[in-house]
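Please look through the sequence and the model shown here before reading the report that follows.

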Amino acid sequence: DAAYGNDEAQKADIFLPEGRSQADTRVLLIIHGGGWYTGDKKDMDKFVSTFQSKLKSYAVVNMNYRLVTFSPVRYMLPTQTDDIRLVMDYMAKNASDFGIKPEFVLLGLSAGGHLAMLYSYKYDKPGRVKAAVNIVGPCDLSDDAYKNNFIFNLGMNYITDPAHLPSGMSQSTFGSPVHWITRNAPPTISFYGNTDKLIPLSQPSTLEQALNQYNIPNEKYIYPGGHTEASYDQSDDIVAKTVTFLTTHVR
């Protein structure tokens with residue numbers, strides 16, 4: 001519950017490994033899911049403990065963030081991406097005290113996966129994100145499959161203040177990570193389920209094509225089952241594959 005901002009929601013759990021150093025110890029930043037308007041960092045505790053045992057060269061930070069609210073209205077963007085930046089700023093400001101190198105891997109599940117990708121592709125202007133790990137996160141909110149989904153239809157109205165949208169751009173396009181992929185995007189590994197009722201199988205293919213267009217290193221894995229089966233139930237395998245990916249692509 002370290003406070004990285006003034007809001008009650010702006011808290012993070014920080015886990016620092018033994019033998020850490022400012023020269024080598026990067027930060028794995030974990031972002032929970034919950035449809036952008038629910039969820040809590042405790043939902044990711046299983047991933048935290050597994051990464052601590054399998055990725056001992058990284059500090060692990062498990063963050064809460066300000067959730068979307070409907071009355072009064074609080075939009076997803078830039079509120080939640082601002083919170084990701086604020087956590088990173090907090091870790092960087094205290095890098096010498098923590099004994100860490102202020103370079104980051106962003107890992108998110110479901111809505112957190114979406115935020116991890118969106119921040120990495122659109123908002124990481126300083127280039128502090130060295131890899132993105134996306135677990136069952138939507139990458140293209142303009143996908144036709146979302147038009148008949150109650151959760152996404154609700155969320156589409158709260159992506160950002162319409163007054164802040166670029167001319168001619170829809171909420172769904174503005175909030176879609178794939179729309180912001182450039183040659184500067186970090187290596188990305190993704191995990192999906194083949195019967196996920198929230199995230200259609202068109203999503204991993206769309207993401208892969210967009211990353212390949214810019215020759216961004218990427219991997220995707222499709223598990224049998226739905227949203228939960230392809231995330232929490234596969235946490236051990238997700239961690240193992242992520243560790244291998246980071247060892248290969250983060251130097």
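In strand β3, the side chains of V27, L29 and I31 point one way while L28 and I30 point the other way, and all of them are buried, where buried means under 20% relative accessible area, exposed means over 50% and partly exposed lies in between, with a 1.4 Å probe and protein chains only. Strand β3 covers residues 27-31, and five of its five residues are buried; strands here are DSSP runs of E with at least two residues, helices are runs of H or I with at least four, and both are numbered from the N terminus.

This is a predicted model, in which local features need pLDDT of at least 70 and side-chain atom pairs count only at pLDDT 80 or more, while totals for chains, interfaces and linings use all residues. Residues are numbered from 1 along each chain as its sequence is written, and side-chain values use heavy atoms, with hydrogens and water left out.

The table lists strand pairs, where two strands pair if DSSP finds at least two bridges between them.

| Strand pair | Sense | Bridges |
|---|---|---|
| β3 (residues 27-31) and β4 (residues 59-63) | parallel | five |
| β3 and β7 (residues 104-109) | parallel | five |
| β9 (residues 188-193) and β10 (residues 218-223) | parallel | six |

Within these pairs, L28 stands opposite V60 in β4, and I31 stands opposite G108 in β7. From β3 the chain passes through helix α1 (residues 45-54) to β4 in a right-handed β-α-β crossover, a term used if, with the strands pointing away from the viewer, the path from the first strand over the helix to the second runs clockwise.

Turning to the helices, the axes of α2 (residues 79-93) and α4 (residues 111-123) come within 10 Å and cross at roughly 80°, the axes being lines fitted to C-alpha atoms over the stretch in contact, with angles from 0 to 180 degrees between N-to-C directions. Therefore α2 is roughly perpendicular to α4, since angles of 65 to 115 degrees count as such, under 35 as roughly parallel, over 145 as roughly antiparallel and the rest as oblique. In α2, Q80, T81, I84, R85 and M88 meet L115, L118, Y119 and Y123 of α4, contact meaning heavy atoms within 4.5 Å.

Finally, Q22 lies in the loop between β2 (11-15) and β3. Because its relative accessibility is 44%, Q22 counts as partly exposed.
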